[in-house]
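I set out to record what I looked up in this structure, entry by entry. The sequence and the model come first.

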Amino acid sequence: GRKLGVFPKLKPIKLLVCGNIFVSGEHGIFIKENQNKQQVVKRLAKAITRLTNENKDLLKDISIYLIKDFIKESLDITNELHDSNYYSFNVEPNMVLSLDENWNTFQDYLDAMKTKFRVKAKRALKLSDDLVVKDATVDSLKSILSEITKLYKKVASKADFNLGDFDLQTYISLKDKLADNYIIKTYWYQDKLVGFMSGMLVNDSLDAHFVGIDYHLNKRLAIYQRMLYDYVQIAIDKKISTINFGRTASEIKSSIGAVPQELTCYIRHKKSITNKFLKPFLSYIEPKPFKQKHPFKKSI
């Protein structure tokens, strides 16, 4: 794009985003009951253009509008954005685990697995026996903020693409305001912090948030696998029906029972002529293929 002059060579490309860049899923638009949803989406597109044009700083800095992430059932509504010169594309799916209503304990979850995956889970849990897991509080977060930030950055640096860096100072506000509805667990080995996981309880679902991992010890102690199983344990204890694991690490998430949920994004360049060049580039944006695992004896 830069070679063809579609994007400036030196400046970073700045986007105006409708949606949450730190959470996968439909978190950008709320439409009240008994509204014409297609009309609301059309007005949203007009409002985004007007907002940019009426603000000198935005008009100068913003190159691209991005509206994210919509599940398949919403596309009859959101495809109205095509009439406003937006193009749609798919990115990595949100990995979702639907919990069986008969899982009252973690052992019930393990018993539902095929032997191969149950053995794998038990091995990971055994490897992680030496980990000490603690529930974080507002006060404990303040004392370890710099350490968990380092662990988060190790994970973020491995991502192929990030829309932005998450400021972990936000954890203190989230924990303070949401209390038990925001979960942060820290993982310790020989009094050293080696990982953390976070998640938010939203209605009948658990949304996995960011994690941090000491990769030098990850394989030896199965830190990340332990985190994934802890998400399942939390959901069972809280009688939650769905876990949204988000994007990335799709294959390992599928090995614990998560399945892909396609998400569609919409994008356009603020300049009409330049916008026409976007469409060919979108054909290169494809979700990475992965091998979907099927760990359960029967479909959930």
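The entries below cover the ground rules, the cores, the charged pairs, the loops and the surface.

**Entry 1. Ground rules.** I worked from a predicted model, in which local features need pLDDT of at least 70, side-chain atom pairs count only at pLDDT 80 or more, and totals for chains, interfaces and linings use all residues. Residues are numbered from 1 along each chain as its sequence is written, and side-chain values use heavy atoms, with hydrogens and water left out.

**Entry 2. Nonpolar cores.** I looked up the cores, each a set of buried Ala, Val, Leu, Ile, Met, Phe, Trp, Tyr and Cys residues joined through side-chain atoms within 4.5 Å. For burial I used relative accessible area: buried is under 20%, exposed is over 50%, and partly exposed is in between (1.4 Å probe, protein chains only). The largest nonpolar core has 42 residues. Tyr109, Leu206, Tyr231, Ile243 and Phe245 have the most contacts inside it. Helix α9 (residues 223-237) gives the most to this core, namely 10 residues. I noted that helices (H or I, at least four residues) and strands (E, at least two) are DSSP runs, numbered from the N terminus. Apart from this core lies another, of 19 residues, and Tyr152, Ala156, Leu168 and Phe210 are among them. In soluble globular proteins, nonpolar side chains tend to be buried together.

I then listed the contacts of Tyr231, taking contact as heavy atoms within 4.5 Å. Leaving aside neighbours within four places in sequence, Tyr231 is in contact with residues including Leu206, Phe210, Ile243 and Phe245.

Entry 3. Next I searched for salt bridges, where a side-chain nitrogen of Lys or Arg is within 4 Å of a carboxyl oxygen of Asp or Glu. The count comes to 7 salt bridges. Asp69 and Arg247 form one of them, at 2.8 Å from N to O. This pair links distant parts of the chain, 178 residues apart: Asp69 is in strand β2, and Arg247 is in the loop between β9 (242-246) and α10 (250-254). Is Asp69 buried or exposed? Asp69 is buried, with a relative accessible area of 0%. Lys68 joins Asp69 and Arg247 in a network of salt bridges. I also noted a cis peptide bond between Lys68 and Asp69, with omega about -25°.

Ser24, in the loop between β1 and α1, touches Asp69, Asn94, Gly246, Arg247 and Leu263, not counting residues up to four places away in sequence. The side chains of Ser24 and Arg247 are joined by a polar contact of 3.4 Å. A polar contact is a pair of N or O atoms within 3.5 Å; within protein, one must be able to donate a hydrogen and the other to accept it, and residues adjacent in sequence count only if both atoms are side-chain atoms. Ser24 counts as buried, at 17% relative accessibility.

**Entry 4. Two further salt bridges.** Lys185 pairs with Asp135, the closest N and O atoms being 2.7 Å apart. Lys185 lies in strand β6 (residues 182-189) and Asp135 in strand β5 (residues 132-135), so the pair ties together parts that are 50 residues apart in sequence. Lys185 counts as buried at 16% relative accessibility, whereas Asp135 counts as exposed at 53%. Lys293 and Glu251 meet in a salt bridge of 3.6 Å, N to O. Glu251 is partly exposed, with a relative accessible area of 35%.

Entry 5. Asn34 has a phi near 60°, a positive value in a residue other than glycine. Asn34 is exposed, at 78% relative accessible area. Ala222 has a phi near 50°, also in a residue other than glycine, but Ala222 is buried at 3%. Ala222 lies in the loop between α8 (215-221) and α9.

Which backbone atoms lie by the side chain of Asn36? A polar atom of that side chain lies 3.2 Å from the backbone nitrogen of Gln38 and one lies 3.0 Å from the backbone nitrogen of Gln39. Asn36 is partly exposed, at 43%. In the loop between α6 (138-156) and α7 (170-178) I found Ser157. A polar atom of the Ser157 side chain lies 2.9 Å from the backbone oxygen of Lys154.

**Entry 6. Surface.** Leu15, Ile21 and Leu163 make a nonpolar surface patch of about 190 Å². Patches are made of residues with over 30% relative accessible area and no salt bridge; like charges are joined within 9 Å, and nonpolar side chains (Val, Leu, Ile, Met, Phe, Trp, Tyr) within 5 Å. Accessible areas come from the Shrake-Rupley method with a 1.4 Å probe, and for residues only the protein chains shown count as cover. Ile21 is partly exposed, at 32%.
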